Amino acid sequence: MEKINSSSWKAFSLSFCMAMTACAGGQDVPTQGRLVDKVTPASSYPVAPTTQALLDPANNSVTGVLVAPEVTAYPQGIIDRLLATWTGPKPDAKVWLVPEDSFTSDVSSNGAIFLNTGLIRYFHDHADVQKEDALAFVLAH
């Protein structure tokens, strides 16, 4: 096992202390309760854009998006249930599938939610994370 030298230890300590200070909170972080309870929804959302504008930036990539309701229906149902508890006006958040192998998701500025096929494949191949809460976390973030 390699011994940690003094300068590495000092750098780690300084970084750790700075990170913990940043996590201590500011005026935006409640001292009690959950931050999500402190969020004030917008009073209105802009008029829904055309489908082409909704899909930006995925419509500019080489792969584009797939229309695959057999895959997107389940995550769309989760989104719909999450929005059912939202107290503000409901954005038109639609789930799209992107044929990319990476484990990522994305969202457009207009509310489209993009799930890469790599993310879907990961959930499919790993039974230990096949929980609705795990997918809801990805969708809600």
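Reader: How many aromatic pairs does a search of the whole structure find?

Author: In this predicted model, a search of the whole structure finds one aromatic pair, and its two members are Phe 103 and Tyr 122.

Reader: What makes Phe 103 and Tyr 122 a pair, and why is the pair called edge-to-face?

Author: Their ring centres are 4.9 Å apart, and since rings pair if their centres lie within 6.5 Å, the two count as a pair. The planes stand at 70° to each other, and planes over 60 degrees apart count as edge-to-face, so the pair of Phe 103 and Tyr 122 takes that name.

Reader: Which parts does the pair tie together?

Author: Phe 103 lies in the loop between β1 (95-98) and β2 (105-107), whereas Tyr 122 belongs to helix α4, so the pair ties together parts that are 19 residues apart in sequence.

Reader: Why is α3 called roughly perpendicular to α5?

Author: The two helices pack at an angle of about 70°, with their axes 10 Å apart; because angles of 65 to 115 degrees count as roughly perpendicular, α3 is described in that way relative to α5.

Reader: Which residues make the contact between α3 and α5?

Author: On the α3 side they include Tyr 74, Pro 75 and Ile 78, and on the α5 side they include Glu 132, Leu 135 and Ala 136. By class, this contact has nine nonpolar, no polar and two charged residues.

Methods
Residues are numbered from 1 along each chain as its sequence is written. This is a predicted model: local features need pLDDT of at least 70, side-chain atom pairs count only at pLDDT 80 or more; totals for chains, interfaces and linings use all residues. Side-chain values use heavy atoms; hydrogens and water are left out. Axes are lines fitted to C-alpha atoms, for helices over the stretch in contact, and angles run from 0 to 180 degrees between N-to-C directions. Helices (H or I, at least four residues) and strands (E, at least two) are DSSP runs, numbered from the N terminus. Angles under 35 degrees count as roughly parallel, over 145 as roughly antiparallel, 65 to 115 as roughly perpendicular and the rest as oblique. Contact means heavy atoms within 4.5 Å. Ala, Val, Leu, Ile, Met, Phe, Trp, Tyr, Cys and Pro count as nonpolar, Asp, Glu, Lys and Arg as charged, and the others, Gly among them, as polar. Rings of Phe, Tyr and Trp (its six-membered ring) pair if their centres lie within 6.5 Å; planes under 30 degrees apart count as stacked, over 60 as edge-to-face and the rest as tilted.
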